[in-house]
Amino acid sequence: MPEQEQMVAIRVKVNGKEHKLQVEPRLLLVELLRENLDLTGTHIGCDTSYCGACTVLLNGKAVKSCTVLAVHADGGEVLTVEGLAKNGELHPIQKAFGDAYGLQCGYCTPGLLISTYQLLQRNANPSEKDIRKAIAGNTCRCTGYQNVFKAIKAAAKGA
Amino acid sequence: MADQDKSNGQKRWVGQRVPRKEEGRLLRGQGKFIDDIKLREMLYLAFVRSPYAHARVVNVNTSAAEALPGVAAVLTGREVESLTSPFIEIGPDQCQKIADYPMAGSKARFQGEPVAAVVAESPRLAEDAAELVQVDYDPLPAVTDAEQAEKNESILHENAGTNVVWRGVFEYGDVEKAFREAASVVEIDRLHFHRFSSTPLEPNVIIAQWDNKDGRLYYWCNNSFPSFAIQFLAPHLRIHIDQIRVQTFDIGGSFGIKITNYTQMAVCALASRKCGGRPVKWVETRTEHMLSSAHGNERTFLNTRVALDKNGVITAIDSRHIDDCGAYPRYEPLGCVIWSQVFPGVYRFRNAKIDFTQVVTNKCPVGPNRGYSRMQHLWFLERICDICAHELKIPADEMRLRNYIRPEEMPYTTPNGCVYDSGNYPKMLEVGKKLIGWDEWKRKQAEARKDGRLIGIGIGTTLDSGTNNFGQSQIINPYAPFSGNSQGANVKLDIYGEIVVAVGSCPQGQGHETTAAQIVADLLNVTPDLITVRTGFDTERNVHTGFSGTYASQFAVSGLSAVHGAAQKLKKEMLRLAAFTLNAKEDELELGIGAQGPEVRVRGTERSIPYGGLANIVNVNSAVMPEELHEITLNCRYIWRAPFKVPDKAKKYGNLTLTYASQLHIAVLEVDRDTYVPRILDYVAVDDCGTVINPPIVEGQVYGATAHGIGAALMEGCFYDEVGNMLTSTFSDYTPITSVNMPNVKFGDIQTPSPHSFNGAKGMGEGGAAPIHTLSAALQDALFDKGIIIDDSFNNGDRVYHLMQQAGKGKKPARVKPRAVPA
């Protein structure tokens, strides 16, 4: 196991909750979320920031957490898929994905939801081109994206 | 939400847009994928892999790795060989001489093959330690081309003495007579279907625990055909099959690729045993997945001759096919017969001779990738149809209408004895042409051609054969112990009357929880939300047969037939018990939802008993039951068996699949004159999978299969250099299709109910790789005038550029030879 002196102390707020942790400098943000905090909704698909299954918001910006070190999140704020629903109620984006059959195996879905969240924060009325661009970094192998496009359009209308 | 059934006023859920029961947990990030599971004392495994495609493993030095603090064990290929028996080989003769182990012992046969495995306290430590394992290799000549492999100049498996895994001739009708009488013959020198993978987003993940407390081997894994995996694992690990418990939960896609992760399941088990029974987790990286999980079959079609009559109707095909299965056969050589489920595709020709060979090469072993083995053949047939149409100057749509099997011929027996249950290909073409605006596009195309623009319109008609007759394995190996097909299910009223369905499938997004609930809701006259469906494989549920899993487009037929059978059995028992308790005749009873919830009541009276009341009697109040009702359990297991016979092995004749869903796609594309990149301008997908159980679930899978096909046709390929280095081992190189490459798909459907399934449904999901055929055809249409024959299934900008550069130089790859035959 790594020596204690190799560990770095970090503070990070995830889905509104403060955490103080000792981490290896090489620990990835996605590993911190999944292994240290048991927030397993954020997934790893490609390890090289192509697929976006690991997308989370870090300080309000969508990042691919498989390519961000946990220490980079020190002092920061993270939103993951687990933080979208409020008081057990699905976020309108989640609801729209469900209504439009915008997911099948569900492995890419957490990343897609976060990318959509970011898109709609920045652009309440996205065109189809905006939508395609916003999720270009989120690979889905099941849906062929058709119902994802419908879900995002519906979420934008409802927002 | 539900329709009223006019006959009895009952609501019907089959055919409705029922929301998916799976959605809640997946949308909240609460899905249960294997990498989400943490077990006490868990260790992590990392593989050391061969950088060479073909090399002797001279020495493996593990001492530095073992000395690293936190490393629990290192396992080498040679050690694995000493502890296990080689995996079962399905093929005959030379295949039986291949010794397939999950790690390379004395020789590595593809780049990325594991040679050692390191187990450590954290995944990162395991990776560190894997880098400390020193392996000395002696490189050997690599064979990466199937035709080269066939020459046996460098042999992968010395014991077998040849790289040829299987060879057989499939011949039906009178081929030579048809060629003698042909009005014209078209010859095509070489066609090639490329290697790709539908590569699921979740990689292979396995947790194994060889528990020394009870001597059992526990798996939590994402294998997508676990009953097949345990049949391979038990003899390999030299244990009783009942010692193994396999559980799967949510699976992040498989598309067949996860069927062959039993090899890594074996290594994880041995590692756990070596570490005193601590659980061992292995999470595959994407690069490992691309290098060494499984790819789709690559196939070359040589010396093809096509006989046609004066109307352009194909009368015979003669061709030689070489399939490349990579370094080890594993699920192969089943692919050497599975293509023949769709022997004539959608076409009427009765005479054909296909000389089929499969070889090993120094590349990643193949596995049953979405559209498995049939898509290669269907692409070949569609290329033939399309090339002949162009050579004979017959419009593509007209060519197909002349050659399609006609709806009035259904059920249609193919030359090799398969029975196409139903279908209406001309109708699908009509629907497709209407959706795309065929005439308008033809007009636009003619205008654009005047400006030199390269626009093509292509049709692909294809089949998705579902519910295999495993007896086809005996066409490959007469001694293979498999035939037929079966699936199991259990439906019960639990102690408080809850309806619980268990099936032996392990869905990866296909919505089995939802469709199974729809079937049971209709039978028991309740709403689907009152039904709990336990999917995900678990040997301990005792609902699996040797065929259970999720593969080969079959759940709607095999899985749901089992669910339906079990629910019928339960309903019968409920009526019998209720007749006793209500002192009524069974035919006076009806099922429905009363004030207190689901109940059985005497029609037109207030007399009723809730489902919970029936469950109470059977489970905890049995003294009130008279002895003649003791056989009632309200816990009903049913095994559905497909009505198959063992095929005629010598003639290679018999029904190989139960249902034939069909797809017709039309694409309009334009080749960019500066970049040569083919761009899709319009796209239609028409689907027929018989009776549809849940329309948006079917539509969603059609879109998914369409994306895989478009990706494979234009972007995705598993490519190697000549010494066997894989060139596409990351997503940045492999470039899976994204939202910006995917066109809008216009969806259409027709429903020709299957006479072979209880509710008219056909298995679907694989989709026959229709876009690959369709886009090849569209490109052909765009480039035929340039003297180009589309002879490969992969056509990105680079490849189209080379085709256009080579056009007109050298021999034309396809030729038409008119014959002087009296009309």
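## A buried serine in chain B

B:Ser558 counts as buried, at 1% relative accessibility; buried means under 20% relative accessible area, exposed over 50%, and partly exposed in between, with a 1.4 Å probe and protein chains only. This residue is found in helix H17 of chain B, which covers residues 555-581. Helices (H or I, at least four residues) and strands (E, at least two) are DSSP runs, numbered from the N terminus. With neighbours within four places in sequence left aside, B:Ser558 is in contact with B:Thr467, B:Gln487 and B:Trp640, where contact means heavy atoms within 4.5 Å.

## Basis of the model

This is a predicted model, in which local features need pLDDT of at least 70 and side-chain atom pairs count only at pLDDT 80 or more, while totals for chains, interfaces and linings use all residues. Residues are numbered from 1 along each chain as its sequence is written, chains are lettered from A and ligands numbered from 1 in the order in which they are written, and side-chain values use heavy atoms, with hydrogens and water left out.

## A buried leucine in chain B

B:Leu669 lies in strand S28 of chain B, residues 657-671. B:Leu669 has a relative accessible area of 0% and is therefore buried. Not counting residues up to four places away in sequence, B:Leu669 touches several residues, including B:Leu454, B:Ile455, B:Pro678, B:Ile680, B:Leu775 and B:Leu779. Between B:Leu669 and B:Thr535 there are 134 residues of separation in sequence and 41 Å in space, C-alpha to C-alpha.

## Chain B as a whole

Chain B contains 22 helices and 31 strands. Its radius of gyration is 28 Å, which agrees with the value near 28 Å for a compact globule of 823 residues. The radius of gyration is taken over C-alpha atoms, and the globule rule is 2.2 Å times the number of residues to the power 0.38. Along the principal axes, the C-alpha atoms of chain B fill a box of roughly 90 × 75 × 50 Å.

Of the 823 residues in chain B, 66% are buried. Among contacts in chain B with a separation of 6 or more, 80% are between residues 24 or more positions apart. The accessible surface of chain B is about 27900 Å², and carbon and sulfur atoms hold 48% of it; such areas come from the Shrake-Rupley method with a 1.4 Å probe, and for residues only the protein chains shown count as cover.

## Chain A as a whole

Chain A has five helices and five strands, in the order β-β-α-β-β-β-α-α-α-α along the sequence. The radius of gyration of chain A is 16 Å, close to the 15 Å from the globule rule for 159 residues, so chain A is as compact as a globular protein of that length. Its C-alpha atoms fill a box of roughly 50 × 30 × 25 Å along the principal axes.

Buried residues form 57% of the 159 residues in chain A. The accessible surface of chain A is about 6700 Å², with 50% belonging to carbon and sulfur atoms.

## Where the two chains meet

In chain A, 52 residues are in contact with 58 residues of chain B. The area buried between the two chains is about 4500 Å², of which carbon and sulfur atoms give 53%. Buried area is the accessible area (1.4 Å probe) that two parts lose on being put together, summed over both. On the chain A side, A:Tyr50, A:Tyr101 and A:Arg141 lose the most area to chain B, together 21% of what that side buries.
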